[in-house]
Amino acid sequence: MAELLTRDLTVIAGKATLVRAANLSLRTGELVALLGPNGAGKTSLLRSALGLEKRATGSALLNGADSERLSPMQRARQVAYLPQQRPLAWPNTVRDVIALGRFAYGAAPGRLSAADAEAVDRAIGVCDLSTLTERQADTLSGGELARVHCARAFAAEAPLLVADEPVAALDPRHQFRIMDMMRTFVNDGGGALVVLHDIALAARYADRMVWMKDAEIVADGSPEDTLTTERMAEIYGVRARIDGRSVEIEGAI
Ligand SMILES: Nc1ncnc2c1ncn2[C@@H]1O[C@H](COP(=O)(O)OP(=O)(O)OP(=O)(O)O)[C@@H](O)[C@H]1O
């Protein structure tokens, strides 16, 4: 089993508390949706949990090791991170960008082992990118590029996957496809933590929903237990009609 665990994690920038005493867990075998309005602290929580951003207090353990002390390669072998901001380092083909996901295994574009090449091909297949592999990545549409970045994360084949708004720029079909891939990844033994703004999509796919507001985790549990009309009002300030895992937002309060 692989796990990412934070205990009372607090992140401070200047005078602002971005994350306050957060207890977050992600284990293999579960798909967790991290939810909350803009500015709630989701990205800050993920980055500090992964040891990419300094915490003020608390702890963050990746398979028992302090995540701040891991080298990029050690971290990447245990968790694939798909950030919200995804700059392309330099113009490159789609296949080579996806191959960057294999760096934890010593691979580089043009220097892939058979196992690396197979992982890259699998990621290309599931992300529906086989017709685009030789295109320059900087000529793709926003949604196509978002799928390339998803494929790069999947190609890592790490036991855990943390994805910050992976479907934000995608059309409905590809949103479902990416979430189906996350589900398959989890059913095959991985663990995925996904930031989503689409509550309906989150409720449909997540085993657990972690709700943030004003730098704090305010609820953590199954969709059945945590997705309520009251919570939608409290967290997002919207009127919502909830029926099991289906949610319809009627408007702002
Ligand atoms: N270095 C910083 N200094 C001051 N404030 C910061 C800093 N970095 C982030 N913030 C603020 O902290 C808050 C949390 O930011 P964060 O990116 O974690 O939110 P988020 O929940 O991921 O938001 P979104 O849904 O918009 O991506 C925001 O109000 C942001 O402006």
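Q: Which residue in β10 is the bridge partner of Leu34?
A: That's Val210. This is a predicted model, where local features need pLDDT of at least 70 and side-chain atom pairs count only at 80 or more, while totals for chains, interfaces and linings use all residues. Residues are numbered from 1 along each chain as its sequence is written.

Q: Ok, so how do β4 and β10 pair, parallel or antiparallel?
A: Parallel, over four bridges, with β4 covering residues 31-35. Strands here are DSSP runs of E with at least two residues, and helices are runs of H or I with at least four, numbered from the N terminus. Two strands count as paired if DSSP finds at least two bridges between them.

Q: How many bridges join β10 to β11?
A: Five, and those two strands run antiparallel. β10 takes in residues 208-213, and β11 spans 216-221.

Q: What do β10 and β11 form together?
A: A hairpin, with two residues between the strands. Asp214 sits in that turn and has a positive phi of about 50°.

Q: Zooming out, what order do the strands of the open sheet come in?
A: The sheet has six strands, and the order goes β7-β8-β9-β4-β10-β11. The pairing is mixed: β4 with β10 is a parallel pair, and β10 with β11 is an antiparallel one.

Q: Which strands stand at the edges?
A: β7, which is 79-82, and β11. Each has a single partner strand, so one side of each is left without a neighbour in the sheet.

Q: What holds strands of a sheet together in general, then?
A: They pair through backbone hydrogen bonds, either parallel or antiparallel.

Q: New topic, the ligand. Which residues come nearest?
A: Ala13, Asn38, Gly39, Thr43 and Ser44, out of 13 residues around the ligand. To count as near, a residue needs its C-beta atom, placed from the backbone, within 6 Å of the molecule.

Q: Which elements each supply at least two residues of that shell?
A: β2, residues 16-22, and α1, residues 42-49.

Q: How many residues does α1 give to the shell?
A: Three, and α1 gives the most.
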